[in-house]
Amino acid sequence: MTAPFKAAAVQAAPVFLDLDATVDKAIGLIEEAAAKGVKLIAFPETYLPGYPWYIWLDATAMYMPLVPRYAANSIKEGSEQDKRLAQAAKDNDMHVVMGVSWNVNGTLYMGQWHYGPDGEVISRRRKLKPTHVERTVFGEGDGSDMSVHDTELGRVGALCCWEHIQPLNKYAMFSQNEQIHVAAWPSFSLYEGGAYALGPEVNEAASRIYAVEGQCFVIAACATVSEEMSEFLCDTPVKQQLLKTGGGHARIFGPDGAPLGENLPPDQEGLVIADIDLNMIAIGKAAADPCGHYSRPDVFRLMFNRKPSPPVMAFDNEAARTMIEPEAEDDARVVANAAE
């Protein structure tokens, strides 16, 4: 079991639609966390280059002029910005889990990139199913994105936003003995008073119940909507009512659902920091382990396809032939000869 360590959940706005400036800001937050002894820092959903709130504020055709700009500021694997984040993780001896809009040959994905304290990439995952109008912007992940990874701090996994209200998503993650979970959220200031499910009460509860159900620590990062973002996005009184400034509700929960660390006001930027002691997981597991002693596999089981699902795959007949049993191979040769 690892020694206790400090983790931080970021509550901050991006420099909206400016990838380089937001990377600068993110590195500043990483350095601030390092100065406070943090070993793992979690960033909000699509922190780079900011969550595309305009998709909730107008008809699709109206925001088409922003599409090229958003794509141009979505990070690419192996880019200079990617290398800067990796170097920041290494320079500060820290695990960094960054929420990104990930540009892969023009298709965008809602991603979470996990850099280790040595600057190496531990994982790059995509949101399995973008939510509602997010599907007008982002593509989907596959089962290979639903993974938990061994680190010197413990077993770390990550999900975005409403992936936390998908019961099968959660069960797939719990089954991999997840100990530290990074939950990435965009902000909770959309449709205030008109869509309770999008507000802080429901979504904070989703993070908390994830911790209780999975007996794991949840580091729930949550962005804010800045005044600058509001001025840019909300150019009518109606839009100003639909998307409010603030909305930051970063939280950290223990494996029993207890809140940890000192929370910030919704309009304040900063870090929620808490001590993580994996020894506490044993108490939760003793009471209820949904993939262990508290399961009923004779009644319920999850079918989980963890394989990547690329749109193009090599068709290698020689490789396929080696998988045929000797007798079946003889039969196949007879069939082939007859066909000739």
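**Salt bridges and cores**

Arg-296 and Asp-298 are both exposed (over 50% relative accessible area; buried is under 20% and partly exposed lies in between, with a 1.4 Å probe and protein chains only). Their side chains meet in a salt bridge, 2.6 Å from N to O. Such a bridge puts a side-chain nitrogen of Lys or Arg within 4 Å of a carboxyl oxygen of Asp or Glu.

This is a predicted model: local features need pLDDT of at least 70, side-chain atom pairs count only at pLDDT 80 or more, and totals for chains, interfaces and linings use all residues. Residues are numbered from 1 along each chain as its sequence is written, and side-chain values use heavy atoms, without hydrogens and water.

The whole structure holds 22 salt bridges. One of them joins Asp-142 to Arg-126 at 3.0 Å, N to O. Asp-142 sits in the loop between strands S5 (121-126) and S6 (149-150), and Arg-126 in strand S5, so the pair ties together parts 16 residues apart in sequence. Strands (E, at least two residues) and helices (H or I, at least four) are DSSP runs, numbered from the N terminus. Both Asp-142 and Arg-126 are buried.

The largest nonpolar core has 41 residues. A nonpolar core is a set of buried Ala, Val, Leu, Ile, Met, Phe, Trp, Tyr and Cys residues joined through side-chain atoms within 4.5 Å. Leu-40, Ile-180, Trp-185, Ile-219 and Ile-276 touch the most other members. Strand S9 (residues 217-222) gives the most to this core, six residues. A second, separate core of 29 residues includes Ala-8, Leu-29, Met-98 and Leu-271.
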